[in-house]
Amino acid sequence: MIAKNISIGENGHVYFAGQDTIVLAQEYGTPLYLLDEEMIRSNCRVYKNAFKKHFGEGSCPLYASKANAFKRIFEIMSEEEMGIDVVSSGEIYTALQAGYDLKKAYFHSNNKTDKDISYAMDNNIGYFVADNIEEIKAIEREAEQRGIKQKLLLRLTPGIDPHTYEAVSTGKVDSKFGSAIETGQADEITRYTLNQSHIELAGFHCHVGSQVFAEDVFERAAVIMLKFSAEMKRKYGYITQQLDLGGGYGVRYVDSDPFMDVDKKVSEVAAAITDSCNSLGIEMPEIHMEPGRSIVGAAGMTLYTVGTVKTIPGYKNYVSIDGGMPDNPRYALYKSSYTCLLANKMQEDCDFKCSIVGRCCESGDIIQENVMLPQSVTRGDLVAVCTTGAYNYSMASNYNRIPRPPIVMLCDGRSYVAVRRESMEDLCRNDL
Ligand SMILES: *Cc1c(COP(=O)(O)O)cnc(C)c1O
């Protein structure tokens, strides 16, 4: 199976986190987001333990909230002692509502408004990850007014493309995020920050990309960042305390995606960092990473009920479901791959090639194409889409005035609602 928390029961049903998806669909209705709480917690622990073991005390993973943000997830992150990264006042607000202590929160975004900056400081955010000089000016101004020294990391672009897996600096130097090392802007912004009296430069951040499987992307990024740190030490006497290497490893959406051994990967990154620090003659900084997808991705599954099945002889078959791009826009956005199962007929052969499509007035409202399902697929069957824990609920919309599905958490053989299903009244809540 695509993930270790998915299995097939003797009744031919898909089981997720040990629970029968047909029973869950009957109890909570569809479309339905399921999240395996135990897997989320165990993924956090794998990262945390690997960081402690290979990078030492102080180093820790930060959950990238944008992957899936709602109150319960922040409670879990708090209980698991994870740091978090946030990108908006809304994510900060949600974390606060969950009682998350913002000391270990890092505020990203390439364009924080003045309002965001002051909201974050009013709530004692631990760190800003500053993208550009304009933002640093605004942070300095706000910090001065409050008479505080605000801790901050600088987001830099090391010039690595993780997907073509080449050091094509141009490809990444022109990113909308951060300051490039290659152009001298990183040096400039570091010098500028060190001259501010209400900002404490805590270190540097980079994010080379998401869904990373390529062998040594993090190692290469780390080495470039450490070289830069050594240069800043030489030029300005600045000692880097924290180095944040950005988003986490990839997850399996389809069988051709590899399983990632996070502990092993982290140990390899640690070895490269140790070597690099030794040869550069610098202390190893605290290391952070910001996994989102690899914490929650495989912990998620979405259940849908099949409606119309349409066959266009000689062309194509369509299986329509009761959700679609409003709850999962990722195929429409980036043609993302997903594994789709006919959850109530797993004992049948899959010989019917089809596109699984949503219910919206939009031809691009597709969950997946070229899916193989049993020939008998019909109205009332249940489709399970795997690995939907990341960037589904957090990207969901009300397009076509469709209410968002609930999030049901699965834990120890129990299930509970963490986010309730939107109602018709919710749809008009803000309409005057
Ligand atoms: C998106 C993002 C992440 C999380 O990436 P994942 O692939 O979900 O692990 C972390 N850091 C930054 C800056 C990001 O933009």
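Trainee: Where is the place of Pro-31?

Mentor: Pro-31 sits in the loop between helix H1 (21–28) and strand E4 (32–36). Helices (H or I, at least four residues) and strands (E, at least two) are DSSP runs, numbered from the N terminus. A cis peptide bond links Thr-30 to Pro-31, with omega about -10°. Before we go on, this is a predicted model, where local features need pLDDT of at least 70 and side-chain atom pairs count only at pLDDT 80 or more, while totals for chains, interfaces and linings use all residues. Residues are numbered from 1 along each chain as its sequence is written, and side-chain values use heavy atoms, leaving out hydrogens and water.

Trainee: How many helices and strands does the protein chain have?

Mentor: The protein chain has 13 helices and 21 strands. Its radius of gyration, taken over C-alpha atoms, is 23 Å, close to the 22 Å that the globule rule (2.2 Å times the number of residues to the power 0.38) gives for 432 residues, so the chain is as compact as a globular protein of that length. Along the principal axes, the C-alpha atoms of the protein chain fill a box of roughly 70 × 50 × 40 Å.

Trainee: Into which domains is the protein chain divided?

Mentor: There is domain 1 (6–30 + 299–427) and domain 2 (38–291), with bounds from an automatic or database domain assignment. The contact (heavy atoms within 4.5 Å) takes 19 residues from domain 1 and 14 residues from domain 2. The C-alpha centres of domain 1 and domain 2 are 34 Å apart.

Trainee: How do I read a pocket?

Mentor: Rolling a probe the size of a water molecule over the atoms shows where empty space is left. On a 1 Å grid over the protein atoms alone, a pocket is an open set of points where a 1.4 Å probe fits, with protein on both sides within 12 Å along at least five of seven lines, and lining residues have an atom within 4 Å of a point.

Trainee: Which residues lie nearest the centre of the largest pocket?

Mentor: Of its 36 lining residues, Lys-66, Phe-177, His-207, Ser-210 and Tyr-391 lie nearest the centre. Strand E9 (150–157), strand E12 (242–247) and helix H12 (330–334) each supply at least two residues of this lining.

Trainee: Why does the largest pocket lie between domain 1 and domain 2?

Mentor: Because both domain 1 and domain 2 give residues to its lining.

Trainee: Which helix gives the most to the lining of the second largest pocket?

Mentor: Helix H2 (residues 37–55), with five residues. The second largest pocket has a volume of about 390 Å³ and is lined by 17 residues, among them Lys-4, Asn-43 and Phe-259.

Trainee: Which residues of helix H8 are buried?

Mentor: Buried means under 20% relative accessible area and exposed over 50%, with partly exposed in between (1.4 Å probe, protein chains only). In helix H8 (residues 185–194), the buried residues are Ala-186, Asp-187, Ile-189, Thr-190 and Thr-193. Their cover includes helix H6 (133–146) and helix H9 (217–236). Across the 432 residues of the protein chain, 56% count as buried.

Trainee: Is Lys-335 buried or exposed?

Mentor: Lys-335 counts as exposed, at 59% relative accessibility. Although not a glycine, Lys-335 has a positive phi of about 55°, and its place is in the loop between H12 and strand E16 (340–342). Asn-370, in strand E18 (residues 366–373), also has a positive phi, near 55°. At 58% relative accessibility, Asn-370 counts as exposed.

Conventions:
Grid points are joined across faces, edges and corners, and a volume is the space filled by probe spheres set on the points.
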